[in-house]
Amino acid sequence: MAEGRSESMPGETKEEEPFKTIPMKRKRKREKMEDIETTDGSKRPSFPPAKPETLMDGKVESRKIPVPPHRYTPLKENWLKIFTPIVEHLKLQIREKKWLHVKHFFKKGNLRCHVTISYFQSSKDTQDIGAIQKGADFVQAFILGFEVEDALALVRLDELFLETFEINDVKPLKGEHLARAIGRIAGRGGRTKFTIENVSKTRIILADSKIHILGSFQNIKIARTAICNLILGSPPSKVYGNLRAVASRSSERF
């Protein structure tokens with residue numbers, strides 16, 4: 001054998017060297033952020049709230065709400081309750097106008113029909129841009145048949161809405177079938193309607209084949225589902241059971 005070489009014989013064992021971890025070199029791109037130094041220091045800009053006059057460009061908005069003849073007497077009796085929150089709280093101007101319609105000729109004589117329109121107008125004292133829409137919703141809810149105290153919640157709260165639909169939108173019914181559907185929604189002595197109102201925390205008005213619901217978005221959905229089930233022919237006992245389940249779920253959430 002040559003010097004400097006060592007050959008391993010078949011019977012000999014070679015000592016194992018310890019395992020060494022080799023670090024992996026990875027190149028990563030790093031974004032370099034430059035700090036911008038200002039003379040005043042880093043401060044968030046503060047802007048004053050915009051005035052309604054600047055947003056409306058000096059224009060005066062108005063709303064006109066037609067009042068049917070059968071709601072003129074309640075409007076006259078509760079005019080002070082309607083007038084006070086609109087003028088004092090919303091800082092709006094409201095007035096009534098009367099127009100005399102053209103005479104309608106019938107066989108037995110002439111019929112004159114008066115239509116009253118509540119006219120809203122924003123003023124310089126109006127601080128909220130959405131005040132005129134709140135006032136219009138408030139009067140519209142009263143005209144649809146809601147009590148003044150219930151309709152006033154539209155002025156005080158922002159998460160209340162009005163929804164109107166007809167029975168024929170759910171299922172086309174005529175004659176006695178339509179009358180029975182209205183009877184199922186109302187119940188004996190209005191018990192079914194009151195139950196839906198108390199469970200869903202809404203207010204419901206039945207005006208012939210039209211149904212008006214006042215409440216929050218989620219509560220309106222609960223009441224609308226119950227009314228639609230009654231229109232489609234579900235018995236009130238089944239609707240009560242569904243409402244009980246919904247009420248228990250809502251109580252667990254809160």
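Trainee: Is Lys-201 buried or exposed?
Mentor: This is a predicted model, and that should be kept in mind throughout. Lys-201 has a relative accessible area of 66% and is therefore exposed, the cut-off being over 50%. The residue is located in the loop between helix H9 (191-200) and strand E7 (203-207).

Trainee: What is the phi of Lys-201?
Mentor: Most residues other than glycine have a negative phi. For Lys-201, phi is near 55°, a positive value in a residue that is not glycine. Asp-208 also has a positive phi, of about 60°, without being a glycine. Asp-208 belongs to the loop between E7 and E8, and its relative accessibility of 62% makes Asp-208 exposed.

Trainee: Which residues lie nearest the centre of the second largest pocket?
Mentor: A probe the size of a water molecule, rolled over the atoms, shows where empty space is left. For the second largest pocket, that space is about 220 Å³. Its lining has 13 residues, and those nearest the centre are Ala-153, Leu-160, Lys-201, Leu-214 and Gly-215. At least two lining residues come from H5, and at least two from strand E8 (210-215). Sorted by class, the lining comprises five charged, four polar and four nonpolar residues.

Trainee: How many residues does the largest nonpolar core have, and which have the most contacts inside it?
Mentor: In soluble globular proteins, nonpolar side chains tend to be buried together. Here the largest nonpolar core contains 25 residues, and Leu-75, Ile-82, Ile-86, Leu-92, Phe-138 and Val-139 have the most contacts inside it. The elements giving two or more residues to this core are strands E1 (62-67) and E2 (92-100), together with helices H3 (79-89), H4 (131-144), H5 (148-151) and H6 (153-156). H4 provides the largest share, eight residues. Another core, of 19 residues, lies apart from this one; Leu-178, Ile-213, Ala-226 and Ile-231 are among its members.

Trainee: How many aromatic pairs are counted?
Mentor: Two quantities describe a pair of aromatic rings: the distance of the centres and the angle of the planes. The count for this model is one aromatic pair. The ring centres of Trp-79 and Phe-83 are 6.4 Å apart and the planes stand at 35°, so this pair is classed as tilted. Because Trp-79 and Phe-83 are four residues apart in helix H3, about one helical turn separates them. Phe-83 is partly exposed, at 32% relative accessibility.

Trainee: Over which ring does the charged end of Arg-71 sit?
Mentor: One may look for a charged group placed above an aromatic ring. The charged end of Arg-71 sits over the ring of Phe-142, at 4.9 Å from the ring centre.

Trainee: How far apart in space are Thr-192 and Pro-236?
Mentor: Sequence separation and spatial separation should be read side by side. Thr-192 and Pro-236 are 44 residues apart in sequence, with 7.5 Å between their C-alpha atoms. Thr-192 lies in helix H9 and is buried, its relative accessible area being 4%. A further case is Glu-61 and Ile-129, 68 residues apart in sequence and 9.8 Å apart from C-alpha to C-alpha. Glu-61 is placed in the loop between helix H1 (52-55) and E1; at 29% relative accessibility, Glu-61 is partly exposed.

Key: Residues numbered from 1 in each chain as written. Predicted model: local features only at pLDDT ≥ 70, side-chain atom pairs only at ≥ 80, totals over all residues. Heavy atoms only, no water. Core = buried A, V, L, I, M, F, W, Y, C linked by side-chain atoms within 4.5 Å. Buried < 20%, exposed > 50% of the residue type's maximum accessible area, 1.4 Å probe, protein only. 1 Å grid on protein atoms, 1.4 Å probe; cavity = no way out; pocket = protein on both sides within 12 Å on 5 of 7 lines; lining within 4 Å. Points joined across faces, edges and corners; volume = space filled by probe spheres on them. Nonpolar A, V, L, I, M, F, W, Y, C, P; charged D, E, K, R; others polar. Phe/Tyr/Trp six-rings, centres within 6.5 Å; stacked < 30°, edge-to-face > 60°. Lys NZ or Arg CZ within 6 Å of the ring centre and 35° of its normal.
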